[in-house]
Amino acid sequence: MALAYAGIAVEIREISLREKPPSLLAISPKGTVPVLQSDGLVIEQSYDIMKWALRQSDPDQWLCAETESLIDGWVAKNDGPFKKLLDQYKYPDRYPDIQLEETLAQAMALFLGPINEQLKASPYLLGPKISLADIALFPFVRQFAMVDPDWFDQSELLFVKQWLNERLESPLFISVMQKYPTWHDTTQE
Ligand SMILES: N[C@@H](CCC(=O)N[C@@H](CS)C(=O)NCC(=O)O)C(=O)O
């Protein structure tokens, strides 16, 4: 989304995580996606790719010097504690000692509840305008909601639900959420 918003043309190589192409591992041995390659530059974290894109073009000021540390704070909370709870919720078989109720209670207390409070006070995480914080976080909230849509629908997260729906219905999200053919080094290089 950040790349499309910034108007940066990219060649997208959708890969199979079960069969990672050697060309990916050659530039980024850690083997996670996304990875962006631009001339001699390799960026291996999605948040860094987003910031890289916005530093080139940011027509609606999703990121600025005054807001960067606030946005970093939301992203750190997302990538740390919330991502851990999301994994517990998505893959309960991997965490046999953790009760579902405990995961949900923690997710509400640490992350979803505070987001809901923030969105009750203002339409976006940082206030009246959309920012990189909204764009960086909503895909994770989407994943959480998708584990058990009935639970999410009946939850008290009214403002989170509205915010998520708006993002999912945005032309930018819809425009980038396409199916891409899987890249294979041998056939295409
Ligand atoms: N912190 C990284 C996380 C990237 C990540 O874990 N990506 C997953 C897919 S969403 C992955 O590539 N997993 C590697 C695997 O499953 O082998 C980022 O934000 O880019």
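## A bend in helix α5

Helix α5 bends by about 50 degrees at Met108, where the bend at a residue is the angle between axes fitted to the seven residues ending there and the seven starting there. The model is predicted, so local features need pLDDT of at least 70 and side-chain atom pairs count only at pLDDT 80 or more, while totals for chains, interfaces and linings use all residues. Residues are numbered from 1 along each chain as its sequence is written.

The 22 residues of α5 (residues 100-121) should span 32 Å at 1.5 Å a residue, and the end C-alpha atoms of this helix are 30 Å apart, which agrees; the expected span is 1.5 Å times one less than the number of residues.

## What α5 packs against

The buried residues of α5 are Thr103, Ala107, Phe111, Leu112, Ile115 and Leu119. A residue is buried if 20 or more other C-beta atoms, placed from the backbone, lie within 10 Å of its own. These buried residues pack against α4 (68-90), α6 (132-147) and α8 (158-168), with two residues in contact if their C-beta atoms, placed from the backbone, lie within 7 Å.

## The nonpolar core

The largest nonpolar core has 32 residues, and those with the most contacts inside it include Ala2, Leu54, Leu132 and Val160. Such a core is a set of buried Ala, Val, Leu, Ile, Met, Phe, Trp, Tyr and Cys residues joined through C-beta atoms within 7 Å. At least two residues of this core come from each of α1 (2-5), α3 (46-56), α4, α5, α6 and α8, and the largest share, 9 residues, comes from α6. Because domain 1 (2-60 + 179-188) and domain 2 (68-172) both give residues to this core, it lies between them; the domain bounds come from an automatic or database domain assignment.

Leu132 touches Met50, Leu54, Trp62, Leu63 and Ile71, when residues up to four places away in sequence are not counted.

## The chain as a whole

The secondary structure of the chain comes to 10 helices and 2 strands, where helices (H or I, at least four residues) and strands (E, at least two) are DSSP runs, numbered from the N terminus. The radius of gyration of the chain, taken over C-alpha atoms, is 18 Å, close to the 16 Å that the globule rule gives for 189 residues, so the chain is as compact as a globular protein of that length. The globule rule is 2.2 Å times the number of residues to the power 0.38.

Conventions. Buried ≥ 20, exposed ≤ 12 C-beta atoms within 10 Å, placed from the backbone.
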